[in-house]
Amino acid sequence: MLETTIAGSLPKPSWLAEPERLLAPWKITGPELERAKLDATILAIKMQEDAGLDIVGDGEQARVHFVHGFLANLDGIDFDKRTVMGIRADRYKAEVPTVVGPVRRKGPVHSAEAQIARAHTRRKLKFTLPGPMTIVDTIANEHYGRREDLAFAFASVLNEEARELEALGVDVIQFDEPAFNVYMREVAEWGMAALEQARAGLSCTTAVHICYGYGIKANVDWKGTLGSQWRQYEETFPVIARSSIDQVSLECRNSRVPIELVRLLDGKDVLVGAIDVATSAVETPEEVAATIREALRFVAPEKLYPCTNCGMAPMRREVAYGKLAALAQGTALVRDELRR
């Protein structure tokens, strides 16, 4: 009951990559880099355990970016052909690689870190992959005609990867779809169908993470334009509720999301974001507990999973892990209340 987990990324050690940066360059090269990525993965697992989390993840330690880290081992993508394009409906500009041919996996993408993570924890293991719609929104397309055609091509390779991760002992596979909070009409038209294709045939728990983005300035500024109530979930949740996805991860802490919108996810597990990733202030356990209590007004305890709002890659490591400890401690407070 009330099993705690993370949304995805965690800060990397300073010996591996430049700290407090998205798309941070590696500090190591060659074979030593691959070993260092796995060492960082083990460290992230152990630090989550020390913080008291119930479901742990690799922290995306072996990836420069949650999307580009997956794309790096695919054919049909030219990382030397860079294009500057608007991301998330022109919320910000980014230099992205280009699709120049049919998208196919060269081989397993994340199996090494999944294997080593599985070998070093007895807790439930969660692994994140970018969702098809979000990949499409984070890459230039010079080969496929329509965005949806590209999304279904990525869905196929994601499904191959997800099946391999499941076979390696991953308990939860989460697809990250922040684009679901931007292109709501397209979610219903083809985004959800592409996501269903990505999770097809899996018997492990599947999740979709829909957030308002990392705690970077472009996202914080965008949130400031959304008014007193953020109701994007109101359009996407009914579509997800009809899907085969088991869990939905959403942003709640310090957000203007009306918590009653989770009613639209009836039947799904809800990963309620109780940790704000846009501030370096570490939540108190009581603040975490208050967020969980609010969600419990609308979600049964056995369906609720306290979580972080989003990935924590750009944060200071001591802040991030302090927040994870607060997440576990605040959840423990609510568990104790429910047992009385």
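Me: Is F237 buried or exposed in this model?

Reply: F237 counts as buried, because its relative accessibility is 0%. The model is a predicted one. Y233 counts as buried as well, at 0% relative accessibility.

Me: Where do Y233 and F237 lie?

Reply: Both are in helix α8, residues 232-241. They are 4 residues apart, about one turn of the helix.

Me: How is a pair of aromatic rings described, and how many pairs does a search of the whole structure find?

Reply: A pair of aromatic rings is described by the distance of the centres and the angle of the planes. Here the search of the whole structure finds 1 aromatic pair. That pair is formed by Y233 and F237, with 4.6 Å centre to centre and 10° between the planes, and it is stacked.

Me: What describes two packed helices?

Reply: Two packed helices are described by the angle between their axes and the distance between the axes. Take helix α6, residues 184-199, and α8: they pack at an angle of about 20°, with their axes 9 Å apart. α6 is therefore roughly parallel to α8, since angles under 35 degrees count as roughly parallel. The crossing of α6 past α8 is right-handed.

Me: Which residues of α6 and α8 meet?

Reply: From α6 come M184, V187, A188 and M192; from α8 come Q232, E235, T236, V239 and I240. By class, this contact of α6 with α8 has 6 nonpolar, 2 polar and 1 charged residues.

Me: How do the axes of α1 and α3 cross?

Reply: Helix α1 covers residues 30-51 and helix α3 covers residues 111-119; their axes come within 9 Å and cross at roughly 40°. The two helices are therefore oblique to each other. Their crossing is right-handed.

Me: Which residues make the contact of α1 with α3?

Reply: R35, L38, T41, I42 and I45 in α1 meet A112, E113, I116 and A117 in α3. By class there are 6 nonpolar, 1 polar and 2 charged residues in the contact of α1 with α3.

Me: Which residues of α3 are buried, and what do they pack against?

Reply: The buried residues in α3 are S111, E113, A114, I116 and A117. They pack against α1, β4 (124-130) and α5 (147-167).

Me: Where is D266, and is D266 buried or exposed?

Reply: D266 is in the loop between β8 and β9. With a relative accessible area of 67%, D266 is exposed. The C-alpha atoms of D266 and P238 are separated by 9.1 Å, while the two residues are 28 residues apart along the chain.

Me: Where does S243 lie, and what is S243 in contact with?

Reply: S243 is in the loop between α8 and β8 (247-251). S243 counts as buried because its relative accessibility is 9%. Leaving aside neighbours within four places in sequence, S243 is in contact with M192, E196 and K268.

Definitions and conventions
Residues numbered from 1 in each chain as written. Predicted model: local features only at pLDDT ≥ 70, side-chain atom pairs only at ≥ 80, totals over all residues. Heavy atoms only, no water. Axes fitted to C-alpha atoms, helices over the stretch in contact; angles between N-to-C directions. Parallel < 35°, antiparallel > 145°, perpendicular 65-115°, else oblique. Left-handed = near helix turned anticlockwise from the far one by under 90°. Contact = heavy atoms within 4.5 Å. Nonpolar A, V, L, I, M, F, W, Y, C, P; charged D, E, K, R; others polar. Phe/Tyr/Trp six-rings, centres within 6.5 Å; stacked < 30°, edge-to-face > 60°. Buried < 20%, exposed > 50% of the residue type's maximum accessible area, 1.4 Å probe, protein only.
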